[in-house]
Amino acid sequence: MPGRSQVPLPDGAGPVAPGPESILDRLPDPPQGPTAAPGDSVPGGGEVYFGALSLRLRVVLSQLPLTLSVMVVALFLLVLPTEVGRIDSHALSLGLGGVLGLTALAAAVPWDRLPTVAYWSIPLLDFVAIAPIWSSARHDLDGMSMLCAFPVFWLAWSGVYPCAGIGLGVLGSAAVTWWPYLTNLDQLTTGEVFRPTLVPLFMLALGVAASILSRSMDRQRDELEESLAEIRQQNRRLAAVLDATDVGILVTDRRGRGLLMNAAQRRQHLIGQPPGRHDAPERDLLAFEADGRTPIPVTERPVYRAVHGESFSGRLVALGPVGNQQFLSISAQAMRDERGAFDGTVVVFHNVTDLLDAVRSRERFMANVTHEFRTPLTSIIGFLDLAIEDEQDARLAGYLATCLRNAERLLDLVNTLLESASGDTSITPEDTDLVPLVAHSVDSAQVRAAHAGVALEARLPESLHARADRARMSQVADNLVSNALKYTEAGGSVTVTLREVGDRAELEVADTGIGMTPEELEQVFRDFYRSEYVRRAAIPGTGLGLALTRSFVRGHEGEITVRSEAGVGSVFTAWIPLAGPGGGAREDGGAEGRPRPADEGRRGA
Ligand code: ADP
């Protein structure tokens, strides 16, 4: 049937390399009005439906099958040997001329300007033209009665007035088949009476079948149009929602062709344009790492990775010329078809420039304020030291010592804040024996431990060399030991163990303190995180120590983990790579030798 659109079958289930038409090379065509949503295009676009043609053309096309058929009949009568005298060539020419004339009339009359049923005149007059052809050739050619089927089918199929169409078709075909007998051209024998009777009956059946088929197809078409209208309406709503959001959204198919790009993403796309351009495709955009200076190679750009099937989240990209950039956090989610093959991607662009500005302002503010605190505090500590030395009155000296202790604690807090705000986690690793470093941290904490009534024990090998930044690793050990003491109640214990495990040096700080719930554990390394209990108990702290500790450990290409159970205790384990070959533990018996005290002391929390 004319106008049926074909559903393209998926060709191959595997990922398809993005072609030159991909989003990497060209932008999707700009939408008219709101974002163009899939389904807005005409189904089977490009094909012309019979129903969409002008009425005049449809009338001509409906007449053509009969025209061609009578021409074939005429041709057969010319070439086939027939009994001379049996064919009434005059009647034949009349019929042929009639059909051709009606075809010309169908093409000439402006049917669109006349009432719809006016074109029925053509199939009705066709019966008049068929009658002489049938009466002349019915003895020499079989199936001449089939000529009536064309106008009958046309009248019934048109669906304007189905019953009238079928009735007129039956009457017309009856008139054609009875014509020779009514005009006495033939004597109606008993044997022949069935012939002119049966043809109109067959035509009735044909007309009814055509009418039912036509009506059922009309109903299907109406339902399809209704569903399409609904889909279009839904797509328009979706497009309006997508355009209203300030998050950029890009959807591509599995070949990387842009299916959808919302208004926010079109605006963001402009930010990355090289100078003097406004339509550069994805691969030509100015895209840099979060430092705003390092260009991102084309194959590592988020959209490139996304159209190649990768899913990821929170990839930070600086877009635009240096000095005038916007920062985007980009996430991509690959879509899969029912066979699990890559079927396109959804890429979401979150503009986080304001957020980053706010974070940087906060860091700048903290750095300035803490810096301003540090100078007077250092001076206070210095003068308190002098005052304690000179003070003869023991009671006053005790007060001053308390002031000094608190001033020093305050300086510690200020230093931590300053360090975190500066974001300086630079590491200069060198071959370092971790044992004296950790021993010093433990020794320094012994007074505090005794004060808190907590047993502090160190289990250290004789030496353990790692590639470490001395100052940073001291901070790591200090912080873990100080936390363990801070969060362990009197009567508890803290055990610090240093050991070699494979090619790493491992520092473990285990306590029998308050421990943490699984929810608290998840957040423990976040900036400024302090557990609910610790905040309520007003245990002093900034919530920055562990965040800094982790960044120092990671700066050594190591990692820190924690196991903990509320009310039982916690075990923090930090590891960093050992120094080069032979730089590991130098203890009698070696790493694989007899168990060291450190191994014995290992336990879960
Ligand atoms: P601070 O100790 O200054 O609060 P940290 O970053 O060092 O900051 O620790 C963050 C939070 O993690 C603490 O407030 C506390 O709730 C929890 N925490 C850290 N170490 C321990 C520990 N050994 N036992 C129980 N909770 C701990």
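**Strand pairing and the ligand shell in a predicted model**

In this predicted model, L250 stands opposite V347 of strand β6. Residues are numbered from 1 along each chain as its sequence is written, and because the model is predicted, local features need pLDDT of at least 70 and side-chain atom pairs count only at pLDDT 80 or more, while totals for chains, interfaces and linings use all residues. Side-chain values rest on heavy atoms, with hydrogens and water left out.

Strand β1 (residues 248–252) and strand β6 (residues 342–351) are joined by 5 bridges in the antiparallel sense, where strands (E, at least two residues) and helices (H or I, at least four) are DSSP runs numbered from the N terminus, and two strands pair if DSSP finds at least two bridges between them.

Strand β12 (residues 559–565) presents a covered face made of I560, V562 and S564, and an uncovered face made of E559, T561, R563 and E565.

Around the ligand there are 21 residues, of which N483, Y487, R530, T542 and L546 come nearest; a residue is near a molecule if one of its heavy atoms lies within 4 Å of it. Among the polar contacts, defined as pairs of N or O atoms within 3.5 Å, an N or O atom in the side chain of R530 is 2.5 Å from an oxygen atom of the ligand, a polar side-chain atom of D511 lies 2.9 Å from a ligand nitrogen atom, and a backbone N or O atom of G545 lies 3.2 Å from an oxygen atom of the ligand. Of the 540 Å² of accessible area that the ligand has on its own, the protein covers 98%, as computed by the Shrake-Rupley method with a 1.4 Å probe. Two or more residues of the shell come from each of α12 (470–486), α15 (545–555) and β13 (569–577), and the largest share, 3 residues, is that of α12.

Note on methods
Polar contact = N/O pair within 3.5 Å; in protein donor to acceptor, adjacent residues only side chain to side chain. Buried < 20%, exposed > 50% of the residue type's maximum accessible area, 1.4 Å probe, protein only.
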